[in-house]
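These are my notebook entries on a structure that I had not examined before. I set down what I looked up, in the order in which I looked it up.

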Amino acid sequence: IAGECYSPEWMAGPEKRTMGTYLQKSGYLTIYLGKYLNQYRGKEIPPGWDVWEALASNSKYYNYTLVRHGPKYKHKITWTKFRDNKEDYYPDVIAKSAFEYLEENLRKQERQPIFMVLSYPGPHGPEDGAPDYRKAFPGEKAPRTPSYNVTSQDKQFGVRSGTNLNATHSRYIDMLYRKRLQTLLSVDDHINELHARLTTMNVL
């Protein structure tokens with residue numbers, strides 16, 4: 001689709017035919033929390049979502065803006081800015097909202113089935129791990145598979161036109177690999193906590 005990650009063609013067509021739109025029509029409470037598309041700027045709320053709390057831009061972990069919409073916000077687009085405090089770490093903010101919406105729905109006498117998307121920024125750049133995990137995976141290196149540091153004329157443009165990596169390149173790749181692993185530790189924690197809470201609520 002022309003226009004990169006949030007084009008008029010996308011909004012006029014595929015965005016109207018998603019899991020969110022189909023399940024909303026089927027009676028589900030649909031909730032989207034997290035990163036959406038790279039070029040999304042929050043001027044509109046995509047169809048199909050009863051609750052929308054999405055990142056206005058590409059991946060960030062601190063100093064970001066969320067676009068919020070739903071009953072809690074009186075169905076008005078609400079912009080909320082977050083800074084660089086520990087409690088602003090975006091994966092934790094996603095998880096906190098998820099737990100609140102689940103528990104709120106389970107307290108209702110007449111509950112709707114829920115379809116909830118948790119779209120974490122990890123492991124995308126800028127690869128900011130949670131404060132407690134920034135020293136995790138010391139010495140870990142990116143996998144050296146048979147295709148590592150290989151250039152070939154029968155591959156896609158980036159590989160075909162590239163040059164072999166030197167030691168500095170490899171150290172940088174290893175550093176990014178460690179940082180990306182660090183971002184995923186928070187995702188692991190949140191999935192474990194989500195499973196534990198759903199088990200305690202007796203809804204699994």
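Where is the place of S57? I noted before answering that the model is predicted.

Entry on backbone angles. I found S57 in the loop between β2 (51–55) and β3 (65–69). Most residues other than glycine have a negative phi, and most peptide bonds are trans. I then checked accessibility: S57 has a relative accessible area of 16%, so it counts as buried. N63 is in the loop between β2 and β3, and its phi, near 55°, is a positive value in a residue other than glycine. N63 counts as partly exposed, with 42% relative accessibility.

Entry on peptide bonds. I recorded a cis peptide bond between G122 and P123, with omega about 5°. I recorded a cis peptide bond between G125 and P126 as well, with omega about 15°. P123 lies in the loop between β5 and α4 (157–160), and P126 is found in the loop between β5 and α4.

Entry on the chain as a whole. I counted five helices and five strands in the protein chain. Along the sequence they follow the pattern α-α-β-β-β-β-α-β-α-α. The C-alpha atoms fill a box of roughly 60 × 40 × 35 Å along the principal axes. Of the 204 residues in the protein chain, 37% are buried. I also looked at contacts with a separation of 6 or more: 60% of them are between residues 24 or more positions apart.

Entry on helix packing. Two packed helices are described by the angle between their axes and the distance between the axes. For α3 and α5 (residues 167–200) I read an angle of about 10°, with the axes 10 Å apart. That angle makes α3 roughly parallel to α5. On the α3 side the contact involves P91, D92, A95, F99, L102 and E103; on the α5 side I listed S186, H190, E193, L194, R197 and L198. By class, this contact of α3 with α5 has six nonpolar, two polar and four charged residues.

Entry on pockets. I asked which residues line the largest pocket. They are L102, N105, L106, Q112, P113, I114, M116, L118, L194, L198 and V203. The space in the largest pocket is about 200 Å³. At least two residues of its lining come from each of α3, β5 (114–119) and α5. I sorted this lining into nine nonpolar, two polar and no charged residues.

The second largest pocket has a volume of about 150 Å³. Its lining consists of L29, V51, P71, K72, Y101, E104, N105 and K108. α3 gives the most to this lining, with three residues. By class I noted four nonpolar, one polar and three charged residues in the lining of the second largest pocket.

How large a volume does the largest cavity have? I read about 30 Å³. L33, G34, E53, L66, Y90, V93, I94 and S97 line the largest cavity. Two or more of the lining residues come from each of β1 (29–34) and α3 (90–106). α3 supplies the largest share, four residues. The lining of the largest cavity has five nonpolar, two polar and one charged residues.

Conventions
Residues numbered from 1 in each chain as written. Predicted model: local features only at pLDDT ≥ 70, side-chain atom pairs only at ≥ 80, totals over all residues. Heavy atoms only, no water. 1 Å grid on protein atoms, 1.4 Å probe; cavity = no way out; pocket = protein on both sides within 12 Å on 5 of 7 lines; lining within 4 Å. Points joined across faces, edges and corners; volume = space filled by probe spheres on them. Nonpolar A, V, L, I, M, F, W, Y, C, P; charged D, E, K, R; others polar. Axes fitted to C-alpha atoms, helices over the stretch in contact; angles between N-to-C directions. Parallel < 35°, antiparallel > 145°, perpendicular 65-115°, else oblique. Contact = heavy atoms within 4.5 Å. Buried < 20%, exposed > 50% of the residue type's maximum accessible area, 1.4 Å probe, protein only.
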